[in-house]
Every structure is written in structure tokens, then in C-alpha cells.
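Visitor: Hi! Could you walk me through this model, one piece at a time?
Guide: Happy to, here it is.

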Number of protein chains: 2
Amino acid sequence: MTARTLALAALPLLLSTAAIAASPRPPALAEVADRALEDDKLAWDFVEGITTEVGPRQAGTEAEARGRAWAVKWLKANGLAKIAIEPYQMPTWVRGEERAEIVAPYAQPLRITALGTSASTGPDGLTAEVVYFPSYAALEAAPAGSLAGKIAFISHDMKPTQDGSGYGFAGPARWTGAALAASKGAVATVIRSIGTENHRTPHTGGTTFPEGVARTPAGALSNPDADNLERMFARAGGQPITMKLVLTPRDLGRTESGNVVGEITGRDPKLAPVLLACHLDSWDLGTGAIDDGAGCGIAAAAAKHVAKAGPPLRTVRVLFAGAEETGLWGSKAYAAAHKGMPIYAGLESDFGADRIWRLDTNFTKTDPALYKQLAQAVARFGVAPSQEVAGGGADLNLARESGAAILDLQQDGTRYFDLHHTPDDTLDKIDPAALRQNVAVWTQVVGILANRAEPIEKGETGARR
Amino acid sequence: MTARTLALAALPLLLSTAAIAASPRPPALAEVADRALEDDKLAWDFVEGITTEVGPRQAGTEAEARGRAWAVKWLKANGLAKIAIEPYQMPTWVRGEERAEIVAPYAQPLRITALGTSASTGPDGLTAEVVYFPSYAALEAAPAGSLAGKIAFISHDMKPTQDGSGYGFAGPARWTGAALAASKGAVATVIRSIGTENHRTPHTGGTTFPEGVARTPAGALSNPDADNLERMFARAGGQPITMKLVLTPRDLGRTESGNVVGEITGRDPKLAPVLLACHLDSWDLGTGAIDDGAGCGIAAAAAKHVAKAGPPLRTVRVLFAGAEETGLWGSKAYAAAHKGMPIYAGLESDFGADRIWRLDTNFTKTDPALYKQLAQAVARFGVAPSQEVAGGGADLNLARESGAAILDLQQDGTRYFDLHHTPDDTLDKIDPAALRQNVAVWTQVVGILANRAEPIEKGETGARR
């Protein structure tokens, strides 16, 4: 089967629908993938449905629970097997009121959103002088105690990159900036959004305070507001700039979240399965279209399409993880619940819905024959080979821990951080043709893996994406 | 002066700065305009300053008053004469809380903003079934009484056009949609934003209820939210869709607003002046960068540049009108206060900051020599002639009423309604090169007019822009 698939994949496939319909045998995998490129409707149906009928699905809330129920219904309607919800408990934080304004010398409101785990200012807010840091490094260089009573403003700028590497450079301002500022005495922190567009829709996302460090209020200004605040510093000539900040998020304690699983059962269920992961939760501001409704749509559609070429040798398991955004609770719970379960290969879709442009694996050098087979099979979809080492996404903990082969079907992330964690993460941002390209590439790759008996000679696994 | 200017304008002017500095006489107008294209900083300084140091300037509020004070200071610093604030009273409406959510069958929040003059729902909001109208015409066709107890949803779509004509087709949904729905029994109205982009930043703007008609709550959903609500209707299969709406705006009664005026006094102050208009107020959501800080920057910069070619024959008067957005109160007050004052020619900048592409006047056919002179003079800036009849902007009431020549230096409006009346009306949306092109064209045109003694043979004036 594999050899035939590869041969077909190398051809410009233009078999007519009539010819396929007349065939007594199921269509070849490559045909199925090509058809997905033309007319897959499953991924769109999933993401359109969940964003319209459920909308935001913040982890640990009733909205995420509605998302799980919706996903179970969808998986059933689409004929997957062994569909289940696997619940777990997690700490839940929810947004409250959020307002910021410059009080002096240039009174005007600014658009802000609280970062996940931010403390509350209380309903009356807090008012303090703002200290400006153009970068995370500038904050690092600030003397101990120098921010006592002040609001730190970290204006670290992020640039778009195709591979998302800009997130690694700018991300620390959000991930640990508030804790760092608090360690130097800051009463609150506002950051420039970790985002690459210029809309007044600030980017939320989690921030982390080390164990034992008192949390402080922390928010992100939209990029135009951060620009404006920078201009105020340029114009104020050393006069203090005072901000009033009102953020009233709440901790709900431990609440229920859960993973949703389902599968296409393989012809030999004793063989280690291929695991397709994504996450079902989203931040509360948008509707979770590109992050990560699209990813679950892609994974589920690919699983369905693979089966059109006949039942696969290995089981293809789909994991719609819960609570990724707020600390990978779903991924951790899945790894703990299925500890010891071997995984043949793990793939995750969680970087939007733009086209896949590169194939990274953790066996590129150690199993070059398989890598070459896969790379040849997806070249016709515009996917390039690479020497980058795959680390897998956040929801592949089980796959990594079990020593599985990991494949990163890298999506073009140039536009991703325009939308990431903002209210603008909505269905209209998805290009249906790019979404279908994702499904086609996944179908091709997952189909090859799921129909392969031989072990994979994997090498070192890269850093988690 | 005029003849020499025209001759120079026809040449590709490349006089060196040194040659200009050595000249005992002021530079020719065309030189000044060319230099503005290269290096005008005045318009940017104005719009950067007012958006940074004042920000939103809603009519009738203390923020608009701070805007007037800021503008007076700027005009003084830039050497204009006869600077004054001309106050008047006007009814003021201010935004309160604004939230919308679908309660059933697909519970999720929607992004909404109240329309100017909207009634309040009260703090507890109102919950009602939504009735969907894909267009204004569909609402017109709804039977009397058919909306009793319902929320009307008018989803009239707007398309971008270079000349802004799309606003004329879609605008009625905002301008009179709520009143029309109320006349058929609706308890509230939500419209698709009158805007051309897909961000979750709804477009505000005024809506009008006829005298004696009880106002109802009225808001605009962002375009992605309107899309989502349309999809809900498509998926609901006839089930009622219920919305909870909370809008708590307030009427403040009559408060003070005002116009700011200044001038470059002409060599013959008895001659009718050239009037350059814009508006200083903005909606509260953005910082009033493209609507209309840029316009005031362009007008004031042009007045200053014209004087660099020597004092003009006629006075160039600048009107920074107040309260344009909420009912043209400033324009009306200025026309009333200066009734009978002749105006030679009126120009207004209030369509963003993108480049000027076309010259419309109300004397194109009746004074073809002057029109040809002007059209030739601005052709080098990429401005096309046209047979369209100028009507002038909203703040040119006095000019229209006095029978003045009217010129519309038409700006490219393709992007304008992406930003119009949204939080995204911020400085970063202005292209500095396009802003300078505006200043150059204005300098050239205003300079020709202000140095011309002859009367203008004007024809019919077109519809107000």
C-alpha cells in the first residue's frame, strides 16, 4: 500500500470522479488527499460550527463544557469511534472589568486587556506613575527596588515571521515580565501586546508568577495604545506620566475541564496509534477560530479522509485537548491518564489556518527513507523539506513522553500573531483554500504513517513549539 | 503672481535649497508646494500632537474643550492671527456600558457599540427575539407592527469605494434604521457596522429619530459579529434567536462646545477670504486621527505654507469646527455667527489622510479658465480633473450659504471606512507621505485662490459631502 501510494503521489493526479466512483476498491490515499485539497468541507464545517454555535471556550468554564458537548456531537455525526470526554480539574481564572487611562499629563483612555492569572486592582483601581521600558532587557537592567510603587510599562516590540520565531523573542515580556517587574517593586505591569498588527484589540495570554511570589495586576495594551504611550513619554519632557488601571479578574478555584477523544480504529488495534492533537479551549476574547478551532477541524478531517482509502493499519486517535491556553492542563491530564501507552507518531495543528509550508520531524536524519517518502508525498502541496528538528506542539506531551516520532507540519505564521489571543480570532480570518491545503497535507502524511508497520528510527526531539 | 505661479507649476521644479535661501524674494508658490510634498512636518505635528496629548474629543465634553485649548496653543505657536474660540451650546449624549450577547440557542457575547442618540436599555438591559433583515429595503418592506417586542437586526453590507459612494448606499441603515424599526414596533435595533473591514471594533456614528418619535436603544455590531449572527440564523432552522442587550448612554442636556478660528491675514483684508474647514471634535472611541485631526493639520499647514510665498492678497481663514459628528453644531453656529460675511472660496478636509486623487469644483464649467489653471497646477501631484460638481463638506455651511466657490480636493476613500468612527482611528493609520501630498495640493490650490483678485464665475453647487 505504501509503495503504491508513493508512486501515485509523485504523479500529477487527475483521475476523474467517475473513474473513482466506478472503482471496486477504495481510492488511493493520494487521490483522497488531492480531493481534500479541492473540496474538503469537514474542517470548515467543524470550525464554522463551533465558532457560531459555541463561540469562545475558555478553559474551566461552562463555555468550554459546551464546546466539549458540541465536539462529541460532531465526532459522532461524522462516524468516529470510541468518542469520550476525559474530565480533570484545574484552577480557573476569569476576566472582569478592564480599563486603563492616562490621568496626567495627557488624559485619555487606553485599550487594555488583563493577562491570564493577573491579580485584581479591586473595583476602584490603582493609580501610579508609569516607568517605561522599551524592551525586556531594559527591565532586566532596572535596579532592585527601583519600581517601588510604580507601574512598569514593557513596550517590547514583536515582528511577524513565517516560522513564528518572533514569538520567542518578544514572548518573555508577557510570560514573565509582570513577575520580573513585581520583583523590583512594581505594583502593576502593562505590556505592549505580543502581536504584530496595529488594531486596538489587545492580545491576552497567560503570564506566570513563580511559586510564592505575590501576583500583581498585569495587562496588555493594544499596539496603537503602546505607540501612543511611547509618544507621551517623548513629549512629556520628563514630567511623570500617571495611569489609572482597573482590572478585576477573579479566581474561581478548581473547576472541571476535559479532553475529548475519538478515533478511526485501525485494522490492528494492538499497534501503537498515530496521535493527532489540537486544543478545543480558546481564550475568551475571540471565538477560537484560528486558535484552535481550525486545528481540531484539520485533525478530525484528516482522520476521516484517511479512512476513505480503506481502514488504516494503525488506529488514528484524535485528541481535542482542553485547557491548553491556561497551562496545558489537558495535555498533562492526557499524558497522566494514558501513561505508558505507546504512540507511533504525534502531530499537532495549533498555529492558525494558513498553509503548511515545511515538514519538520524528529527522524529526518535517523530515518531518512521515511522522511524522504513523506517529503516527496507532500511536495505537490507546496511543502518544503527541512533539517529543523520537530518538537511537537503543547498537546503532544504523551507522544513526547512515550518517545514517539514527532512531525511538525509547519504552517505559515506570518499573519498568525495579528490575531492570536485577540477578539479578532474569528471565522472570517480563515482562508478556506488554505484550510483545505492543511487537510490535504495532513491526510497524506497521516495516511502514510497509519498504514506503515515498520518502527520509526527517531532521533532527538526538538524543543516544544 | 498668479501667472508666474502657473508657469512655474508646469515645470518640473528642482531648485536647490541653497538657491531658495539666496533669493531676496520669497519662493514662488509652486516651490513652496513642492517642498511641502518633500518635507512638510506641520500637518503631522498637529495630528500627532492632538492625538497624543488630547486623544478622543467628543463634542460637548471636557475632552473637546481640551482639544480647543490645545489647538489654540498650536495655532499661536505657529503664528496664525486672530485666533479665537467661538463657543455655542449643544445637546450632548455620552456612551455608557455596552454589551450584547446571544442568549439562545447559541449563547455567546457579541461586540457592540451604541449609536449616537441611542436610548438606554437601563442597567439590566433588555432581552428579546431578533428579527433579521439582510438589507434596509427588507426592513422597509416589513409590515407595520410586525416588530412589536422584537430587536431588529439590519445587516446591510457596505463595500469600499474610492469616492466614498458606498457610504451613501449603506449609510441609511445607521442614519434612520433604528427609527424605521421603532416605527414598526421594534424595542431596539442592532445594525451591521457601516464599515468595510473585518475587525471586532464596531463603528459608531449618529442615528436620527424624527421629532416626537420615542428613541429606542440602537447599536452597531462589528462586521465579524454580524457575520456570526447571520450564520446563526442560517443554522438555527427557524428556532428563535434571543439577544440580551445592555446599552446605558446618557443625555447630559445642553453643554458648551465651540469653534476655533485663526487666519493668515491678507494684504487686502476687505476682500472676501478663502475659508479652510475641518473639524476638531471626534467620536469617543478612537483618537480622531483620520477623522479629523488630519484634516485640521492639512488645512492649517496649507495656510502657513501659502504665506511662505509672501503674504497672500486675500485672508486665508481656518475653521476648526466643533461638534461635527453629533449634528454639525459647529458649522451651523459659525454660519449663524458670521451670516452675511462673503466667502471667496471654501475647502474642507474631512475624509481621512490618504492621497488626493481628483479636483471637483462648482465652477468647472462656468469658469473653465480658473478650473484649468488649478487642474494644471495640481496635475504634478497626481490629481485628476473631473466633471463632478463639488458640494463641499459639512463644515462649509457658511461658504455654501454665502454663494462661495466650493472646491472638493477629493481624497482616496478606499480605506477610510475601515477606520471611520472606530477605536482604530489612531495615528498609526496615517501614511506620512500621503499626508504631505495633501498638504502640497492644498498649498498649491489655496495659494492660487488667495492671490487672485477676480471674482469666480460659480455654477450650481452639488450635494453636501
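Guide: What follows is a chat about the chains, the domains, the helix packing and some backbone details.

Visitor: Great. What should I know before I start?
Guide: This is a predicted model, in which local features need pLDDT of at least 70 and side-chain atom pairs count only at pLDDT 80 or more, while totals for chains, interfaces and linings use all residues. Residues are numbered from 1 along each chain as its sequence is written, and chains are lettered from A and ligands numbered from 1 in the order in which they are written.

Visitor: OK. What rotation superposes chain B on chain A?
Guide: A rotation of 180°, with 0.0 Å of shift along its axis, and the RMSD is 0.0 Å. That is the relation of a two-fold axis. The superposition is by least squares on the C-alpha atoms of residues with pLDDT of at least 70 in both copies.

Visitor: And how many residues of chain B are in contact with chain A?
Guide: 23 residues of chain B, and they meet 23 residues of chain A. Contact here means that the C-beta atoms of two residues, placed from the backbone, lie within 7 Å.

Visitor: Which element gives the largest share of chain B's side?
Guide: That is α10(B), with six residues. Both α4 (42-53) and α10 (223-236) of chain B supply at least two residues each. Helices are DSSP runs of H or I with at least four residues, strands are runs of E with at least two, and both are numbered from the N terminus.

Visitor: How many nonpolar, polar and charged residues are on that side of chain B?
Guide: The side of chain B that touches chain A has six nonpolar, eight polar and nine charged residues. Ala, Val, Leu, Ile, Met, Phe, Trp, Tyr, Cys and Pro count as nonpolar, Asp, Glu, Lys and Arg as charged, and the others, Gly among them, as polar.

Visitor: Why say the copies meet through the same surface?
Guide: Because 100% of the interface residues of chain B are also interface residues in chain A.

Visitor: Switching topic: which domains does chain A have?
Guide: The assignment gives domain 1 (2-92 + 253-450) and domain 2 (96-248); such bounds come from an automatic or database domain assignment. The centres of domain 1 and domain 2 of chain A, taken over C-alpha atoms, are separated by 35 Å. Their contact takes 19 residues from domain 1 of chain A and 19 residues from domain 2 of chain A.

Visitor: What gives the most to domain 1's side of that contact?
Guide: Helix α15 (residues 416-419) of chain A, with three residues. By class, the side of domain 1 of chain A that touches domain 2 of chain A divides into seven nonpolar, eight polar and four charged residues.

Visitor: Now the helices. How does α11 of chain A pack on α16?
Guide: Helix α11 (residues 289-308) and helix α16 (residues 432-450) of chain A pack at an angle of about 50°, with their axes 8 Å apart. That makes α11(A) oblique to α16(A). Angles under 35 degrees count as roughly parallel, over 145 as roughly antiparallel, 65 to 115 as roughly perpendicular and the rest as oblique. The axes are lines fitted to C-alpha atoms, for helices over the stretch in contact, and angles run from 0 to 180 degrees between N-to-C directions.

Visitor: Which residues make that contact?
Guide: Among them are A:Ala294, A:Ile298 and A:His305 of α11(A), and A:Leu435, A:Trp442 and A:Val446 of α16(A). The contact of α11(A) with α16(A) has eleven nonpolar, four polar and no charged residues.

Visitor: And how does α3 of chain A cross α16?
Guide: The axes of helix α3 (residues 29-39) of chain A and α16(A) come within 7 Å and cross at roughly 165°. α3(A) and α16(A) are therefore roughly antiparallel to each other. The residues that meet include A:Leu29 and A:Asp34 in α3(A), and A:Arg436 and A:Thr443 in α16(A). Their contact divides into eight nonpolar, four polar and two charged residues.
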